[in-house]
Structures are given as structure tokens and as C-alpha cells.
Amino acid sequence: MLTACSGDTSSPDADTSQSAPSSEESAELPTDTESSFSDKESAESSSSAEENTESSSPDEQSEASLAPPSDLAPEGDDGANGIDGWYDRYHDRDNEKTSSSDESASPEEDFFCRSYGETVTITSYIGKGGNVVVPSEINSKKVTAISGKAFFKNSSITGIVIPETVEEFDYMNFSNCTNLASVDIKAKIAEIPETAFYNCTALSTVLLPDTVTVIGERAFMNCEGIESFILPDSVKEIKAYAFSDRENLKAVPYSKSLEKIDEGAFDMCMSLTEAEIPESVREIGNRAFDHCPKLKRVILPEGLEKIGDNTFLHKR
């Protein structure tokens, strides 16, 4: 069962249930010369509103506060374009702003989360950007996960630090963060998820923990800013298209434990000039180095057991 992250027992949406009128609504309000109320009428109206608020049950107030603002809710009755979709995009009823125990972590109001017992999953980032340090604890609960697309398409982020407490983060978490330049993953995870940093075109520095064994499909695809990439020796597999479409990559990332390079892993690495495949590699997939026009030097390991079709196709 999901619980709110905050220790506050009051409704997290209490303040939002009486939002200020929009600029259009304000423009339509009557001026003092057009319409006015006597002091007595104003007092009676205020008293009546207070009585109605007090008479409403907590459940009714909570449900009312969950309705999407008219200017934010998309058209439609259900699914991705209706109320359910609005909850997905603007955080459901179990999400709320949180606090962090880390002095160096980004401010508490920068994150939305879900609480699962004694652990927390970050679901969204709403801060101002810059270098973001994910907190290791929120309201004394350990942050163990970052859900899919939590930072998706956030152009304000320039750096990200993921703490050791995180055990998993999902696909596309940081994809299309076009100004993200540095990544420091301290989390003891086994795999960089599929499309995790896809199209992070400014990314130039990546630090991975020595627990990573798999680089997921398209994990660093179209990261044009990276010229070199250091893999920890724990990495055993580079999945399909993990490093493809890399304009400036000049050498194949090296890991002493690497066993498999999947299909298209380095496809369209336009500046790649050499590929020294580690001795530990036993299999190279189809088109792994396709469309690498500057590739001039390739060293294959003696223990290589399988090499796919068109592995070095379209090279000069």
C-alpha cells in the first residue's frame, strides 16, 4: 500500500484546493465601481463559506483537491489523456513534496516521491536544475529507487549524483536531458537501464560503480559529447546500440571482463578510429561497428568464438 512520504498528517493537497484565480478569471472579476458588497454581506458570505468548509468531510475535501486544474488537465475522459493521465504526469495522490536528511543534497522541495514502508522511490524532479544531488534519505526513509522518466527531458539539469542507497533506476530516467554534462553514479546497481541517458547530447563525463555488469540497450545512444568512456572492469556485456550514434567517440570502452558486444553497439560512431577488443570478449554481434567511416585499426582477441554479419560494414 502506498503512503505519503511526508510525516505531516494533514492533507498534502489542502493548500492547492483553493488556488488563486487565473489571469483570465481575474480579468473577468467585476471592479469596485461595477459591483460592490456591503460589509454585512461580505461578512455573511465569509461566514457561510467557513461553515461549508467545516461541514465537508475529510474524504470529500481530499477527493476535491485531487481534481486537476482546468488549465493543466488534458482533454478526454480516461487513459493517458484524461484524469488517470493527469495523475501520471502531475503526480498521483500518494506523491508529495519531501524533505532530505542530506546536507549536501538538493532541496527537499525539488522532489516528489512515493513511500513504501521504510523506503522511498523518487518519481519526479521539479527543481531549478544545475548540479542535482539525489538525497539518500527522505523523512528518515532510505531512497532506494528512481522511477522511469523521473528526470526525463529536463533541460535545466547539468549534473547528477546518484547515492549508494539507490538499488535501481528505471528506463529513460535521464533521456533527452540535453544539458546534462556529468553523471556520477555511486549506487551499487548491476545494470545501466535501457535508454537511461539516451540523447544526452552534452554529456561528457560518466562515472560508473564497479558493480555494473551490463550496459543496457541504447543506454548512451546519441550522447555526442563523449570522446572517451571508462568502463569498470565488472562490465560483461554491452547491449544493442548502447553506444551508437556517438559523433565524437574515438575509442572502444575497455573492460577486462567484457564478454559480449551486442548488435549495433557502436553503430554510427563517426569519429571512432580504432577498436581494440578485450581478450575476454567471446562474441561480437551483427553490425556492431557498422557506419564507422574513420575506423582504421581493429584488434580482435584470440579467444573470439563468434562474430556477426556485417560487423565492420560501411567503413573506409
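I began with V161 and found its bridge partner in β9, namely D184. This is a predicted model, where local features need pLDDT of at least 70, side-chain atom pairs count only at pLDDT 80 or more, and totals for chains, interfaces and linings use all residues. Residues are numbered from 1 along each chain as its sequence is written, and side-chain values use heavy atoms, with hydrogens and water left out.

Next I checked how β7 and β9 pair: parallel, over four bridges. (Strands are DSSP E runs of at least two residues, numbered from the N terminus; two of them pair if DSSP finds at least two bridges between them.) I then traced the open sheet, which has four strands in the order β4-β7-β9-β11, with parallel pairing. Its edge strands, β4 (130-133) and β11 (205-207), each pair on one side only.

Then I looked up the largest nonpolar core, which has 59 residues. (Such a core is a set of buried Ala, Val, Leu, Ile, Met, Phe, Trp, Tyr and Cys residues joined through side-chain atoms within 4.5 Å; buried means under 20% relative accessible area with a 1.4 Å probe, protein chains only.) Among the members touching the most others are F151, I192 and F220. Beyond four places away in sequence, F220 touches residues including I192, F197, I215 and R246 (contact means heavy atoms within 4.5 Å).

Last, I found N222 in the loop between β12 (214-215) and β13 (237-238). Is N222 buried or exposed? I put N222 down as buried because its relative accessible area is 17%. Leaving out residues up to four places away in sequence, N222 touches N199, C200, T201, S244, D245 and R246.

Technical notes. Buried means under 20% relative accessible area, exposed over 50%, partly exposed in between (1.4 Å probe, protein chains only).
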